[in-house]
Amino acid sequence: MTFQHAFAALAALCAPAVALAAGDAARGAHGFRACAACHSLVAGEHRTGPTLASVFGRRAGTAEGFRRYSDAVRQSAVVWNEKSLDAWLRDPASFIPGNAMAYQGLPDARARGDLIAYLRAVSEGKLAAPKAPGLPDLKAVDAGQRVSAIRHCGDTYRVTLGDGGVHAFWEFNLRFKTDSSPRGPRQGEPVIVGAGMGGDRAQVVFAVPEEFSAFIRNECP
Ligand code: HEC
């Protein structure tokens with residue numbers, strides 16, 4: 001972060017005191033839905049963004065195990081409290097220029113106050129962290145989702161499943177992903193998810209990227 005950025009962040013922190021009315025945590029819980037697509041409130045559970053469990057009083061960019069912080073956030077020297085969260089949520093791009101949070105900001109001061117009251121209540125253990133909407137456990141799928149072979153021929157992937165079914169996809173409609181979390185598939189046991197098996201698009205999830213080319217054979221029927 002440049003000196004100017006540091007200064008801008010500092011200036012925002014010291015901006016003429018906007019009275020921060022104590023927000024309503026219950027309303028804030030509702031408002032958190034806008035954040036839940038990217039943030040969990042469960043400790044250690046990172047998604048697109050870091051977990052916001054215990055965010056109060058924490059230095060920005062220090063949630064353990066989150067590997068996608070921008071340099072801007074890591075070097076900001078911001079500590080999260082009512083004031084800094086208010087400035088961040090009002091206009092993330094000007095509070096910490098160059099940050100990587102794809103969120104345009106919440107102009108409504110009361111909605112910010114409610115959201116911050118909610119984050120504080122959860123951080124301090126006064127409200128239970130909601131369970132994040134379940135991502136599936138890819139170790140516990142049935143045979144119809146377990147991939148036993150993938151063959152590539154021309155512009156087509158043929159995916160053989162554990163129940164014996166073979167499904168053909170136009171190569172552009174099949175995505176390959178990894179999930180290294182505890183929910184991810186076992187090594188060597190990729191799983192197919194998405195658009196229902198009748199659909200024309202799907203995703204194959206592997207444990208590690210090394211499996212991509214090892215698993216996919218070039219072979220025509
Ligand atoms: C599109 C995904 C996305 C949305 C929506 C989103 N965030 Fe974020 N958030 C991120 C990412 C990614 C980061 C890390 C940014 C960086 O390092 O530059 C982040 C960082 C943060 C941080 C700093 C955390 C830390 O450990 O320093 C806070 C606080 C935060 N977000 C709160 C919120 C709140 C509250 C909302 C809802 C109003 C929200 N975010 C909406 C993706 C998102």
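Biologist: How do the residues lining the second largest pocket divide into nonpolar, polar and charged?

Modeller: This is a predicted model, where local features need pLDDT of at least 70, side-chain atom pairs count only at pLDDT 80 or more, and totals for chains, interfaces and linings use all residues. Residues are numbered from 1 along each chain as its sequence is written, and side-chain values use heavy atoms, leaving out hydrogens and water. Ala, Val, Leu, Ile, Met, Phe, Trp, Tyr, Cys and Pro count as nonpolar, Asp, Glu, Lys and Arg as charged, and the others, Gly among them, as polar. The lining of the second largest pocket then holds 21 nonpolar, five polar and two charged residues.

Biologist: Which residues lie nearest the centre of the second largest pocket?

Modeller: A pocket is an open set of points on a 1 Å grid over the protein atoms alone, where a 1.4 Å probe fits, with protein on both sides within 12 Å along at least five of seven lines; lining residues have an atom within 4 Å of a point. In the second largest pocket 28 residues form the lining. Nearest its centre are His 39, Gly 49, Pro 50, Trp 88 and Met 101.

Biologist: Which elements give two or more residues to that lining?

Modeller: Helices (H or I, at least four residues) are DSSP runs numbered from the N terminus, as are strands (E, at least two). For the second largest pocket, they are helix 3 (33-36), helix 5 (82-90) and helix 7 (109-123).

Biologist: How do the residues lining the largest pocket divide?

Modeller: Its lining has 23 residues, and the closest to its centre include His 46 and Arg 183. By class, they are eight nonpolar, eight polar and seven charged.
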